[in-house]
Amino acid sequence: MARPKNQDERRRQLVSAASVAVGERGLSGLRLKDIADHAGLSIGSVLYYYPDLDALLVEVHEEAVRQFYWARVNATEAEPDPLRRLVVAVEHGIPGDVGDPSVRVIYELHLAAARDERHAAHLSRLWELEVSLYVDLLEQGAAAGVLSLRSGARQVAETVVALEDSFDLHLLARNGGIDRDLAVHRVLDYLSLATSADLRPTRRRARTRG
């Protein structure tokens, strides 16, 4: 009866190893050997559990989406002030370290959405989760009387997520024209206009040009 449990643990190990490998090398440079090395296993062992490498990458994508989303939820729930929750959400949606492999994994695998509907499903799911998070935060703020929405909560939420995604891609690509500090300010500037509230970063962060 112990074998299924061991197999589940080994699969989790391989998902973790593949996530690190994708974050380091990207999809275009990914090799089966990279995953095996990070897992401390042979290539044959990787193929035993995942004969289809794409199936492993789909699980990596699912886990990356789960971790990224719940990190944002937990961070906002720890903030009691409704306005500051919006600030915290933005600060957790724009990476503080463009070299963080966990962030790169999501965007590397999002690119696979154009060729694989399974990755497209995870891309769509993260979009809906993040939009729903902002809708909740905006509605909480409106109910508390600390902000006034100038358009529908979902419309504002969709624009915020789209802005975050755009800035994230430029930061990950190391666009020298912007940095994280600028990105956070621009998203909060839009939110301030959309909510008639004064939203400012928690603290000024160091510039992170690559």
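**Entry 1: the pocket**

I began with the largest pocket and looked up which helices line it: helix 1 (2-25), helix 4 (53-77), helix 5 (82-93) and helix 6 (101-110) each supply at least two residues of its lining. Helix 4 gives the most, with 9 residues. The lining comes to 31 residues, and Glu-63, Ala-64, Gln-67, Phe-68 and Ser-102 lie nearest the centre of the pocket. I noted a volume of about 590 Å³ for this largest pocket.

For my own reference, the search runs on a 1 Å grid over the protein atoms alone; a pocket is an open set of points with protein on both sides within 12 Å along at least five of seven lines, a cavity is a set where a 1.4 Å probe fits but cannot get out, and lining residues have an atom within 4 Å of a point. Points are joined across faces, edges and corners, and the volume is the space filled by probe spheres set on them.

**Entry 2: ground rules**

I am working with a predicted model, in which local features need pLDDT of at least 70 and side-chain atom pairs count only at pLDDT 80 or more, while totals for chains, interfaces and linings use all residues. Residues are numbered from 1 along each chain as its sequence is written, and side-chain values use heavy atoms, with hydrogens and water left out.

**Entry 3: the whole chain**

I counted up the secondary structure and got 9 helices and 0 strands, where helices (H or I, at least four residues) and strands (E, at least two) are DSSP runs numbered from the N terminus. The C-alpha atoms fill a box of roughly 60 × 45 × 30 Å along the principal axes. Of the 210 residues, 43% count as buried; buried means under 20% relative accessible area, exposed over 50%, and partly exposed in between (1.4 Å probe, protein chains only).

I then looked at the contacts, meaning heavy atoms within 4.5 Å. Among those between residues at least 6 apart in sequence, 69% join residues at least 24 apart. The protein exposes about 10900 Å², with carbon and sulfur atoms supplying 51% of that area; the areas come from the Shrake-Rupley method with a 1.4 Å probe, and for residues, only the protein chains shown count as cover.

For charges, I found the mean positions of the 27 positive and 31 negative ones to be 4 Å apart. Lys and Arg count as positive and Asp and Glu as negative, with His and the chain ends not counted; each charge is placed at NZ of Lys, CZ of Arg, CG of Asp or CD of Glu.

Val-22 sits in helix 1 and is buried, at a relative accessible area of 0%. Setting aside neighbours within four places in sequence, I find Val-22 in contact with Leu-27, Leu-30, Leu-57, Val-105 and Glu-108. From Val-22 to Val-58 I noted 12 Å, C-alpha to C-alpha, for 36 residues of sequence separation.

His-38 belongs to helix 2 (residues 32-39) and is partly exposed, at 40% relative accessibility. Beyond its neighbours up to four places away, His-38 touches Ala-17, Val-20, Ala-21 and Glu-24. I also checked His-170, which is 132 residues from His-38 along the chain, and the C-alpha separation is 28 Å.

**Entry 4: helix 4 against helix 5**

Ala-75 is in helix 4, and Val-88 is in helix 5. Ala-75 counts as buried at 18% relative accessibility, and Val-88 is buried as well, at 11%. With neighbours within four places left out, Ala-75 contacts Val-88 and His-92, whereas Val-88 touches Ala-75, Thr-76 and Glu-79.

Two distances went into the notebook here. The C-alpha atoms of Ala-75 and Arg-85, 10 residues apart in sequence, are 8.2 Å apart. Those of Val-88 and Ser-28, 60 residues apart along the chain, are separated by 33 Å.

**Entry 5: helix 7**

I looked up His-122, which lies in helix 7 (residues 117-144). Is His-122 buried or exposed? It counts as buried, since its relative accessibility is 13%. Leaving out neighbours within four places, His-122 is in contact with Val-58, His-61, Glu-62 and Val-65.

**Entry 6: positive phi**

I flagged Arg-174, a residue other than glycine with a positive phi near 60 degrees. It lies in the loop between helix 8 (153-172) and helix 9 (180-195) and is partly exposed, with a relative accessible area of 42%. Ser-196 went down too, with a positive phi of about 55 degrees although it is not a glycine; I found Ser-196 in the segment after helix 9.
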